[in-house]
Amino acid sequence: MKYFHIDEFRCQHCGKDGIDMDFARTIDKLREEVGFPLIISSGYRCHKHPIEARKEKPGAHTTGRAVDLAVTGEQALIVLKAALDMGFE
């Protein structure tokens, strides 16, 4: 990957690397597309991660195919548009 290190995607609870590498490469391409740094505030989450443990059914982060990005304002709109243009759902 050009813009991210695998450690940025690790579970913040246990440190496990569970990110789907194809998905991680897609996030890297998104970063290329938007042209400004993206901070991953949450990547992969194990089932015992406090956020996931409170849920009735584990969320997308437990599959390794979801990230939360710390962006606001105009940059958030740019990221959203680029992600939709790339086929993110």
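What volume does the largest pocket have? In this predicted model, in which local features need pLDDT of at least 70, side-chain atom pairs count only at pLDDT 80 or more and totals for chains, interfaces and linings use all residues, the largest pocket has a volume of about 260 Å³. Residues are numbered from 1 along each chain as its sequence is written, and side-chain values use heavy atoms, without hydrogens and water.

**Pocket**
- A pocket is an open set of points on a 1 Å grid over the protein atoms alone, where a 1.4 Å probe fits, with protein on both sides within 12 Å along at least five of seven lines, and lining residues have an atom within 4 Å of a point.
- The lining of the largest pocket includes Phe23, Leu30, Arg65, Val67, Leu84 and Glu89, and the elements that give it two or more residues are α1 (21-34) and α3 (73-85), helices being DSSP runs of H or I with at least four residues.

- Leu30 touches Leu38, Leu69, Val79, Ala82, Ala83 and Met86, residues up to four places away in sequence not being counted, where contact means heavy atoms within 4.5 Å.

**His49**
- His49 counts as buried because its relative accessibility is 8%, buried meaning under 20% relative accessible area with a 1.4 Å probe and protein chains only.
- Leaving out residues up to four places away in sequence, His49 touches Cys11 and His13.

Conventions. Grid points are joined across faces, edges and corners, and a volume is the space filled by probe spheres set on the points. Buried means under 20% relative accessible area, exposed over 50%, partly exposed in between (1.4 Å probe, protein chains only).
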